[in-house]
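Please go through the surface of the model shown below, and then through the surroundings of one residue.

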Amino acid sequence: QILSELTPAGANAIFERFKGILHEGEINRRVQYSIENLFAIRKNKFAEHPGIMPELDLVEEEDQITHNIKIDDEIDGEERLNLFKFDPFFEKTEEEWNEYKKEILGEENILQLKQIRGPEEAEEEQEEEE
């Protein structure tokens with residue numbers, strides 16, 4: 001949905017390629033049905049597939065920061081951020097981040113996310129916290 005709104009030419013190019021693949025006829029039936037299903041979803045303007053799920057849209061639009069770049073722009077990759085730096089205060093820092101997470105998401109949302117992910121993942125995360 002968002003791709004169609006932001007770059008309709010790009011979305012059209014993708015679907016033209018899918019159309020070409022269908023016309024070649026050298027694909028598996030399952031793949032053919034999947035591509036045809038994509039065309040049906042596109043025809044309905046992605047009504048059942050929102051770009052952002054409402055329950056995950058937590059940041060107000062005026063508070064969002066977006067970065068628009070062009071394909072030929074020079075980008076500062078900030079390679080210094082790719083280096084590991086030992087944090088002697090890891091435990092304290094981790095507690096602070098967990099407090100921020102609780103503040104932003106709310107405790108009940110965090111509990112819901114843990115329930116959705118399943119008990120195994122929640123146990124693994126709990127072991128990591130300890």
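Which helices each supply at least two residues of the negative patch? They are helix 4 (90-105) and helix 5 (107-117), where helices are DSSP runs of H or I with at least four residues, numbered from the N terminus. The model is predicted, so local features need pLDDT of at least 70 and side-chain atom pairs count only at pLDDT 80 or more, while totals for chains, interfaces and linings use all residues. Residues are numbered from 1 along each chain as its sequence is written, and side-chain values use heavy atoms, with hydrogens and water left out.

Glu-91, Glu-94, Glu-95, Glu-99, Glu-103, Glu-107 and Glu-108 form the negative patch. Helix 4 gives the largest share, five residues, and Glu-91 lies in that helix. Patch residues have over 30% relative accessible area and no salt bridge; like charges are joined within 9 Å and nonpolar side chains within 5 Å. A salt bridge is a side-chain nitrogen of Lys or Arg within 4 Å of a carboxyl oxygen of Asp or Glu.

A nonpolar surface patch of about 490 Å² is made by Ile-2, Leu-6, Ile-52, Met-53 and Leu-56; areas come from the Shrake-Rupley method with a 1.4 Å probe. Leu-6 lies in helix 1 (residues 2-6). Leu-6 counts as exposed because its relative accessibility is 66%, the classes being buried under 20%, exposed over 50% and partly exposed in between.

Ser-4 also lies in helix 1, and at 26% relative accessibility Ser-4 counts as partly exposed. Leaving aside neighbours within four places in sequence, Ser-4 is in contact (heavy atoms within 4.5 Å) with Ala-11 and Phe-46. Ser-4 and Phe-46 are 42 residues apart along the chain, and their C-alpha atoms are separated by 9.4 Å.

Key
Buried < 20%, exposed > 50% of the residue type's maximum accessible area, 1.4 Å probe, protein only. Lys, Arg positive; Asp, Glu negative; His and termini not counted. Charge placed at Lys NZ, Arg CZ, Asp CG, Glu CD.
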